[in-house]
Every structure is written in structure tokens, then in C-alpha cells.
Amino acid sequence: MMKQKKSVKVGRNDACPCGSGKKYKNCCMGRSAPPPESLKKIYQKRYNIRLKSAADVEKIRRAGELVMATFKEVEAVLAPGLVTDEINRIVHDFTLDHGAIPAPLNYRGFPKSVCVSINEVICHGIPGPRALADGDIVNVDITSILDGYYADANQTYFIGTPSEDARKIVRVARICLKEGLAMIRPGNCIGDIGWAIQQFAESQGCSVVREFVGHGVGFNFHEAPQVPHFGRKHTGVPLAPGMVFTVEPMINLGQHRLRILDDKWTAVTADGSLSAQFEQTVLVTEDGYESLTPFEL
Ligand code: MF3
Ligand code: CO
Ligand code: CO
């Protein structure tokens, strides 16, 4: 058994361990959690993280509901022969019809309203004239801006009958997200999430993409903090209620290295192996997390 570290007692007139700069007795003493307003300031200052209020969360939850409704529309038509531009059209139209904006469109020059990534494409696939084929796996990554708030999620689907390899990588990627999310609660750190994901992926002989990470989300598409899907336990930002971020492990059947195609967006596995991904937007709560883009894992 590991030796327990002795806790050092904080005196009432000492600086509060929450980092507010106030005396302990005037701040967190006797409270189970620091007061939200001071916590907001601390996370902003120390980590550039914008904690979300209950009202913010409600808006992100609404955006998340729209994202999940958009998946239903896409799922209804996914089949061999479907052209990926048609997925783009469905996501684009459905989003606008619900008073929202597809976040990818024109984001840093991205030309379409959704990312569609087939087989060895890791992420950021650009919809076009390619038709889905029997045996493909396809990742659809949807981000909507509703009432100024962002929610971001993705899922990988089988088209027709999957190969053994396809079944394996989709199963492993799905469990990776589940294992990562299970680490989310105050008291744990950002690094614990990536640690859990890497552990599971590598235990299955798969690998974790390093170049793309999860991210804070809500007020913007990509906010602090970064959420790596690999790393060490007890490292990184301590998780606090009001944090909203994505976890979105990209898992390769072969090696983790990637290559970007000449279109400057499409990321593919360097070894040509299959890659799968699942993503949810989550809120850190007092005792765990709540998914704002929930689906079964
Ligand atoms: N949705 C992706 C993510 O999970 C980002 C896509 S950026 C785009 O962070 F420009 F390609 F849309
Ligand atoms: Co994301
Ligand atoms: Co996404």
C-alpha cells in the first residue's frame, strides 16, 4: 500500500489554499467548496478557464440537445452509397432550420458545416463527392452554436457490415471515452482523463493520437483548457464545478502518428490503419459530471 501523505494543517490566518490571496478564515474555512465567484476568478486568472454559470450551462445544454437531434437526422440516412456532401447538407439545413449556426463552416477556413472522417481519416474530413461504401466506418463531428453557445460531439458509425478490425477500433474508441469520462469529478485533474484513456487504448494494442486534444467549450468553439487523451495521473488543472469541456479521444488501430493531406485539414493515420473517435461535451458537477451531449457508450 502507498504511504498516505500527511496533510499540513492550514491556520485560520494563513493564506487560503484556494489561491484567492485572502486569509483562510475569511475565505474557504468551514466550507466544503470555495465560493463560486472567487473560484471563477481563480480559474480565469490561473488557467484562463471560464467557468460556466447555471444560466450558461442551460444554454449549452440546449445547443447540445440540438446537436443530438442532428445526429438522429444523419443516422436516418447513413447507408452504403450516401455521398458525404449529403451529410453536410442535412447538418447544415437542420441546424439553420433550428435557429442555430454550424460552427465548422468558415472556422479557420474550414469549407463545410460538419466533419466527416472515413476509415483511416482521424478527423477534420471535408464532406465532398465520396460515397460511403459497405464496410466503411465513418465519424460525424457536429458542433452547433445556439443563442451564442457551443456544444460539440462526434460518433463513429458502421456502414453496412463491419470487418473485425472495424468492430475492434470502434469498440475501443467508445470505451476510451467512457473510461475518460469516468475520471471526471472535483478532486481529480485533467491529466487523470488522458491517463485512463491511454491505459485502456494501449492495453488493447491500439494507440492514442497526440496532436489533437479535447478542449473547453461553450462561449467559443475552442477554449482553455486543453484535454489531452494521454498522459499521467495527478497532473494538469484540478477539475472544478462549472468547467465545461470536451473529451474526444482519437484512437488508431496501428501507430499514433498522423499526416495532414494537401487540403490542409484532413488528418490520416501515417500507417493507413483505421481510426475511430467519440466525443461529448461535459459539465463538471459537485460530485462528478453531466454530459450536455449525452449518448450511450
Ligand atoms: N469539432 C472538432 C472538435 O471536436 C473541430 C473541428 S474544426 C473544423 O474540436 F474546422 F474542422 F470544423
Ligand atoms: Co471538440
Ligand atoms: Co467535435
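Modeller: Before we start, a residue is near a molecule if one of its heavy atoms lies within 4 Å of it, and please keep in mind that this model is predicted.

Biologist: How many residues surround ligand 1, and which are the closest?
Modeller: The shell around ligand 1 divides into six nonpolar, four polar and four charged residues. Altogether 14 residues surround ligand 1, and the closest are Asp152, His215, His222, Glu248 and Glu279.

Biologist: What is the distance from an oxygen atom of ligand 1 to an N or O atom in the side chain of glutamate 248?
Modeller: A polar contact is a pair of N or O atoms within 3.5 Å. For aspartate 152, a side-chain N or O atom is 3.0 Å from an oxygen atom of ligand 1, and for glutamate 279 the distance is 3.0 Å. For glutamate 248, the distance from an oxygen atom of ligand 1 is 2.7 Å.

Biologist: How much of the area that ligand 1 exposes when taken alone does the protein bury?
Modeller: Ligand 1 sits in the second largest pocket. Taken alone, ligand 1 exposes 340 Å², and the part of that area buried by the protein is 96%.

Biologist: Which residues coordinate the cobalt ion (ligand 2)?
Modeller: Along the chain, the donors of this cobalt ion, ligand 2, follow the spacing D-x62-H-x32-E-x30-E. At 2.0 to 2.2 Å, the ion is coordinated by Asp152 (OD), His215 (NE2), Glu248 (OE) and Glu279 (OE).

Biologist: Which residue bridges the two cobalt ions, ligand 2 and ligand 3?
Modeller: These cobalt ions, ligand 2 and ligand 3, lie 3.3 Å apart. The residue that bridges them is aspartate 152.

Note on methods
Residues numbered from 1 in each chain as written. Chains lettered and ligands numbered in written order. Predicted model: local features only at pLDDT ≥ 70, side-chain atom pairs only at ≥ 80, totals over all residues. Heavy atoms only, no water. Polar contact = N/O pair within 3.5 Å; in protein donor to acceptor, adjacent residues only side chain to side chain. Areas by Shrake-Rupley, 256 points an atom, 1.4 Å probe, with all protein chains shown as cover. 1 Å grid on protein atoms, 1.4 Å probe; cavity = no way out; pocket = protein on both sides within 12 Å on 5 of 7 lines; lining within 4 Å. Sits in = over half its atoms within 2 Å of the grid points. Nonpolar A, V, L, I, M, F, W, Y, C, P; charged D, E, K, R; others polar. Donors = N, O, S within 2.8 Å, 3.2 Å for Na, K, Ca; no water.
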